[in-house]
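Visitor: I would like a close look at a single part of this model. Please keep it brisk, and tie the part back to the whole chain.

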Amino acid sequence: MNTITGFTQNRKHTPSKEQLLIIMVIVVYLFGTLIHSSGSENSDKIAVLGFHNVVSDQVKQEQYAYNMWVDSESSFREKIAYLHEQGYEAWTLKQLYEWKCGNIEKPKKVVVLTFDDGYKASETMILPILKEYGYRGATFVIGSNLTNPKKADSFLSLNDIRKKDSTMEYYSHTYKLHYRKNHKFAVDIVSEEQLQEDLIRQQRIVDCSYVAYPYGHYNEKMAAILKEHGVKMAFGYHENRKAERFDDFYRIPRFSINAYTSLDTMKAMLESD
Ligand SMILES: [Zn+2]
C-alpha cells in the first residue's frame, strides 16, 4: 500500500523523464505554432527576386571583380541552394499571375526567380543550376540584342530563346529602350508612339505577356501602353518589398539580388513581411 501511495505521490510531484520529455515537446510545439502563425510564411505575399548576369568564379575574379551586376557561379549557386535547403518552391510568372488573379493559393514557401537583360548566362550558367534544383525561372530579354551579331558573345540569340526547355522562360525587357541619355531613362524621354512601336516590335519576336521595366524604372505612360497591348504583368525594382496579391499588375516590386547581396540579406528579404 505504502509503495503504491509512494508511487502515486512520486508521479504527482516529480514527473518522470518521459513525462518531462512530453511536456517539453508540447511546449516546443505550442511555441513553434505561435511563431509560425505570426511568421512571414503565412502572409499572402511573394518575394520576386531579380538577378542579372552570372559567370564562372575565374571570370568573375579576372573581369568583373567590382561589377555588382555580375555574380560568380559559386555565389549564385549558394543562393539557389539556400532556397532549396529551406524548402522554397520557385513559381513561374504564370503561377504568380494566377495567384494575383485569385485563381490559386500560394504554398508556404515560394519565390519567383527572374533574370534581367538576357545574358548568355541565362542559358549556359543559370539554367543548368536551376534545373539541378528542380527550379524554374524567367529571363527578360532586350529584343534588339537577340539579332545583333556584335552582342552575340554576351547575349542570348533568337535561336537560344526558341529552344524548348521549361526550366527557363523568356519575356520582355523592351526591344530597344534599355538605355539612359543625359541621366534620364529612355522610357521617360521617348514619345508615346515610340513606346508603342517598341512594344509592337518586341511582340513579333518575344513573348510579351510579362515585362520588366528597363532598370526597373516604372512610368505611368508605359504602364498604360503595356496594359492596352495585352501585357499581363510588369515588374520594377521599386519599394524593395514582396509582391502583394493586390499590387497593381503593372507595378510589381522585386528584390534586386546582386553580387554583393549576402545570404543574410537575401534571408531578410525572404522573411520580411
Ligand atoms: Zn536591365
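In which helix does Ala 223 lie?

Guide: Ala 223 lies in helix α11, which runs over residues 220–228. A caution comes before the details: this is a predicted model.

Take the residue itself. Ala 223 has 20 C-beta neighbours inside 10 Å, so it counts as buried. The cut-off for that label is 20 or more. Set aside the neighbours within four places in sequence. Ala 223 is then in contact with Tyr 218, Ala 234, Tyr 250 and Arg 251.

Not counting residues up to four places away, Leu 226 touches Leu 199, Val 211, Val 231, Ala 234 and Tyr 250. Leu 226 belongs to the largest nonpolar core, a set of 62 residues. It is one of those with the most contacts inside that core, along with Leu 49, Val 112, Tyr 171, Val 211 and Ala 234.

Now the helix as a unit. Helix α10, residues 192–205, packs against α11. The axes are 10 Å apart, at an angle of about 45 degrees. The two helices are therefore oblique to each other. The crossing of α10 past α11 is right-handed. On the α10 side, the contact is made by Glu 192, Leu 195, Gln 196 and Leu 199. On the α11 side, Lys 221, Met 222, Ile 225 and Leu 226 take part. These residues divide into 5 nonpolar, 1 polar and 2 charged.

For comparison, turn to another helix pair. Helix α4 (residues 73–85) and helix α6 (residues 121–132) have axes that come within 11 Å and cross at roughly 30 degrees. So α4 and α6 are roughly parallel to each other. Here too the crossing is right-handed, with α4 passing α6. Glu 73, Phe 76, Arg 77 and Ile 80 come from α4, and they meet Met 125, Ile 129 and Leu 130 of α6. The residues of that contact divide into 5 nonpolar, no polar and 2 charged.

Thr 174 is not a glycine, yet it has a positive phi of about 75 degrees. It is found in the loop between β7 (168–172) and β8 (180–181). Thr 174 is buried, with 26 other C-beta atoms within 10 Å. Asn 240 is not a glycine either, and its phi is positive at about 50 degrees. Its place is the loop between β11 (233–235) and β12 (243–244). Asn 240 has 11 C-beta neighbours inside 10 Å and so counts as exposed.

Last, the whole chain. Its secondary structure comes to 12 helices and 13 strands. Buried residues make up 34% of the 273 residues, and Ala 223 is one of the buried ones. Among contacts with a separation of 6 or more, 64% join residues 24 or more positions apart.

Methods. Residues numbered from 1 in each chain as written. Predicted model: local features only at pLDDT ≥ 70, side-chain atom pairs only at ≥ 80, totals over all residues. Core = buried A, V, L, I, M, F, W, Y, C linked by C-beta atoms within 7 Å. Buried ≥ 20, exposed ≤ 12 C-beta atoms within 10 Å, placed from the backbone. Contact = placed C-beta atoms within 7 Å. Helix = DSSP H or I, 4+ residues; strand = E, 2+ residues; numbered from the N terminus. Axes fitted to C-alpha atoms, helices over the stretch in contact; angles between N-to-C directions. Parallel < 35°, antiparallel > 145°, perpendicular 65-115°, else oblique. Left-handed = near helix turned anticlockwise from the far one by under 90°. Nonpolar A, V, L, I, M, F, W, Y, C, P; charged D, E, K, R; others polar.
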